[in-house]
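Subject: Structure handover

Hello,

Here is the structure I promised to pass on. My notes on what turned up follow below it.

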Amino acid sequence: MTHHEETFPINVWINEERFAKLQAVKLGDLTQEVFAGLKVLRVPCTAEQRDKVLAVFPTAKFDSATTKSVEQLPRDVKDKIFDLVVEKASVDIMEEFLAGY
Amino acid sequence: MSLIGHGGKEIVERVMDPQEAVDKIRSLTQIPIRNQIAREVIMLSYGFFTPLEGFMTKADVDGVVESMRLASGVVWSIPIVFDMSSEEIAAKGIKEGDTLLLMSQNQPLATLDVEEIFEYDLKNMAAKIYGTDDEKHPGCARTYRYAGRFIGGKVTLVNPPRMNEPYDAFFLTPRQMRAKIAEKGWERCVAHQTRNVPHSGHEWLMKHSWIACHADQPVEKTTTGVVVSAVMGEKRKGDYIDEAIVLTHDALRKYGYFREDVHLTSIIMWDMRYAGPKEAIFHAIVRTNLGITHHMFGRDHAGVGSYYDPYDAHRIFDTISKDDLRITPIRVLEWWFCPVCGEVTYMGLCGHTKERQNFSGTVVRSIIQDGVKPPRIIFRPEVFDIILETAGKYGFGSAYVNDQYLAQRQPLFTVPPLEL
């Protein structure tokens, strides 16, 4: 996926511990500080991937009004997404992540 | 200790001893009631809704709908009504002059004296109370769900419920609250109405209102308090679980963010109508009856969607004489985090409007769901830990209401067995 096309990101919150892991794989610069120093990593999804996420995880919702992101994913799912980002040293991991579902 | 409540009427508890009540209620017609009505019966019986002694008759509903006053002329903003279908009234042969036995959790809870049976134009009621008759408005939707008839009359609790853990530590009747306020030596106190777990923005709303409430009082001795008054009622999916709300607010005192002698967490039982300004008046009335002298109103108090301007709930107090409400509203704008100031600060003071970072409910929810502890300047670590702890202990793994919580949660109260 190129980063020029529209994406429907999953916001992963980044505290100091997670930030250190991202820096170790040189992804620290991809985080954005959004709230009192708390950072967020936006993991991009295509429209197709977003729809699959919403289908596989029924609690999830796409917030089209405010954050324009996929919200309310279970914590363990977000943890797995973060771990895969670190493992692959890339945020373009959703295709691989969803292949398991 | 004064016991004078809203409308200048004394707080009177309409509660009978269950064993004394048994003989009087044994032969009464039994009417099962839904949880919302049970909660309102309990509130009425303990005087939270003073001067009401029961469900409204038509004259009171007319007054509330048309002019925001009871038939007696006392300010009142939300109808408190008992609905029943005409079919059920006919099937049970209910008529004016009867006394009914209201059953909750399959046990006797209270009696209802049938003073009047009447019909009402629900669309007019909704339009006048909510300022809209849109069925998508949750208050209108609740109104349209009422059965076709209303029964007005006094209620008397005959089998007081037992509050369940952890609510038992936080439920205070108006008389108990007034005794607690006297015990603490508070000459003034301010109510903080909530259905949220507190982030620092909420904490500052409370601190702001405490300072405004304290005003010209001497500073050597604590004479002012904050009363967190959490609203417990019907839950919707995605709300914070009730246990998290009360225990996190209490944590602000427990961990010293508020001094022991200035802070008290409590609960009331009420199903939100989302009536915005009208509900603000109602909340002021209930807290008046609790003996609270001031009430904080923030942005979009009791609002929903875009039905009300964010500060309608402030302006409505301009239309009411101070003699009509025995509580002083404290009007507050927003608190936000400012990266330039490097602190949580107030919209009415901070000039960095463009740089501000709002306490967005969506963002806070997302942070909590990820379980990633935020900086303490926006979320106290002990509060965050208790959210996660209550999610595990009471919320089936979630701090937010889900289907499992709705089906299996521990109720707020238990109506004890009472053999008839």
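Bear in mind that this is a predicted model. I start with chain B. Strand 9 (residues 188-194) and strand 10 (residues 224-232) of chain B pair in the parallel sense, over seven bridges. Within that pairing, B:His192 stands opposite B:Val228 in strand 10 of chain B.

The two strands belong to an open sheet of five strands in chain B, in the order 11-10-9-12-13. The pairing is parallel. Strand 11 (263-269) and strand 13 (328-331) of chain B stand at the edges. Each has a single partner strand, so one side of each is left without a neighbour in the sheet. From one strand to the next the twist averages 30°.

A helix packs on this sheet. Helix 7 (residues 174-184) of chain B touches strand 9, strand 10 and strand 11 of chain B. Its direction makes about 175° with that of strand 11 of chain B.

Now the interface. In chain A, 17 residues are in contact with 19 residues of chain B. The two chains bury about 1600 Å² between them, and 61% of it is on carbon and sulfur atoms. On the chain A side, A:Trp13, A:Phe35 and A:Ala36 lose the most area to chain B. Together they account for 43% of what that side buries.

How many salt bridges are there between chain A and chain B? The count is one. B:Asp370 forms a salt bridge with A:Lys78, with the closest N and O atoms 2.7 Å apart. Six residue pairs are in polar contact across the interface.

Which elements of chain A give two or more residues to the side that touches chain B? They are strand 1 (10-14), strand 2 (32-35) and helix 3 (75-88) of chain A. Strand 1 of chain A gives the most, with four residues. By type, the chain A side divides into seven nonpolar, five polar and five charged residues.

Last, some backbone points to look at. Most residues other than glycine have a negative phi, and most peptide bonds are trans. These depart from that pattern:

- B:Thr50 to B:Pro51 is a cis peptide bond, with omega near 15°. B:Pro51 lies in the loop between helix 2 (35-46) and strand 2 (54-55) of chain B.
- B:Glu165 to B:Pro166 is also cis, with omega near 5°. B:Pro166 lies in the loop between strand 8 (162-163) and helix 7 of chain B.
- A:Lys26 has a positive phi, near 60°. A:Lys26 is found in the loop between helix 1 (16-24) and strand 2 of chain A.

Best wishes

Definitions and conventions:
Residues numbered from 1 in each chain as written. Chains lettered and ligands numbered in written order. Predicted model: local features only at pLDDT ≥ 70, side-chain atom pairs only at ≥ 80, totals over all residues. Heavy atoms only, no water. Contact = heavy atoms within 4.5 Å. Buried area = accessible area lost by both parts, 1.4 Å probe. Salt bridge = Lys/Arg side-chain N within 4 Å of Asp/Glu carboxyl O. Polar contact = N/O pair within 3.5 Å; in protein donor to acceptor, adjacent residues only side chain to side chain. Nonpolar A, V, L, I, M, F, W, Y, C, P; charged D, E, K, R; others polar. Pairing = 2+ DSSP bridges. Axes fitted to C-alpha atoms, helices over the stretch in contact; angles between N-to-C directions.
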